[in-house]
Amino acid sequence: MSAASTRSRTPDRLCAEAVDLARAAAEEVAAPGVVGEHAGMVTEGDRVVTHFFECKELGYRGWRWAVTVARASRAKIVTLDEAVLLPGPDALLAPEWVPWSERLRPGDMGPGDLLPTDAEDLRLEPGFSGEDGPAPNSAVSEEMAELAEAEDADVTAGPPRNLPVAPSRGSVAAVAEELGMRRARVLSRYGLHVAADRWEEAFGAKTPMAQAAPASCASCGFLTPIGGSLGQAFGACANEFSPADGRVVSLAYGCGGHSEAAVMPRPPQPAPPVIDETRVDPFPLRPARDSGSVPAVSDEDTAELGHS
């Protein structure tokens, strides 16, 4: 066991009594009127004591001014070590800083916002090639430069990467643009898997809506296929009444708006009327006497019943 560990942690008397010295040091460092009452002290070592003072600065609730004083061995004068503002046990602290790339969440972007993509983003990979080197038959390639020198021709000095302005013809980017492959980067395998997992979680077979659906989207007429390798497992919903309208859905997803879930029956169509134009139906001008619900009787028979 070392000698330092066996020393007493009892505060030095002269250092403990140097409250005024510590306060003066804190007031010199801090703004006027922000150093509060003495809030205790802590022994840092032999003849080393830290005095704490309340901080009245707005926004620093629970912070304390910490002034450390020390005394040399066999000396009777206390000297100042340092004065700093430190958080106390109940101090109001700022949250831990998180990079913006980790703070972003889906839906945070608004009109006019720009989201830069990291050059080493694992979700992307080069679209046509890793480098923009000249094609072998390009006017700026080494082979064509040697041929031009033999023919005493005039060509550009060096490949496009060494020129201040890359030529518009003969480069890999120009050829890729002619072939419709101008995108510098495309989705990598990792990017495809991340997107597939996100879509499967939102509109996949394990969602409550899909569990209660009468059938899957694979047999729905509102499913619009998408291209690429993701088209083997996903499609776009085109049913305006579906909760996934306009979203990328899994082929195993489903909802109550399935096109074949319930086919509405057609209303019954009455048979067309049949008109027989070969015969004539008689229509009397006056109804028959026996056609009513009350039989016809004479006035003498009804006189006894009080009928007029």
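1. Two strands pair if DSSP finds at least two bridges between them. Strands here are DSSP runs (E, at least two residues), and helices are runs of H or I with at least four, numbered from the N terminus. In β9, valine 248 is the bridge partner of alanine 236.

2. This is a predicted model: local features need pLDDT of at least 70, side-chain atom pairs count only at pLDDT 80 or more, and totals for chains, interfaces and linings use all residues. Residues are numbered from 1 along each chain as its sequence is written, and side-chain values use heavy atoms, with hydrogens and water left out.

3. Strand β8 (residues 234-237) pairs with β9 over three bridges, in the antiparallel sense. The open sheet has three strands, ordered β7-β8-β9, with antiparallel pairing. Its edge strands, β7 (223-225) and β9 (248-250), each pair on one side only.

4. Now helix α2, residues 19-29. Ala22, Ala25 and Ala26 are buried there (under 20% relative accessible area; exposed is over 50%, partly exposed in between; 1.4 Å probe, protein chains only). The buried residues of α2 fall within an arc of 100° seen down its axis, so they line one face of the helix. That arc is taken from the directions from the helix axis to the C-beta atoms. Asp20 and Glu28, on the other side, are exposed.

5. The largest nonpolar core has twelve residues, including Ala22, Val35, Phe53 and Trp65. Such a core is a set of buried Ala, Val, Leu, Ile, Met, Phe, Trp, Tyr and Cys residues joined through side-chain atoms within 4.5 Å. Elements giving two or more residues to this core are α2, β2 and β3.
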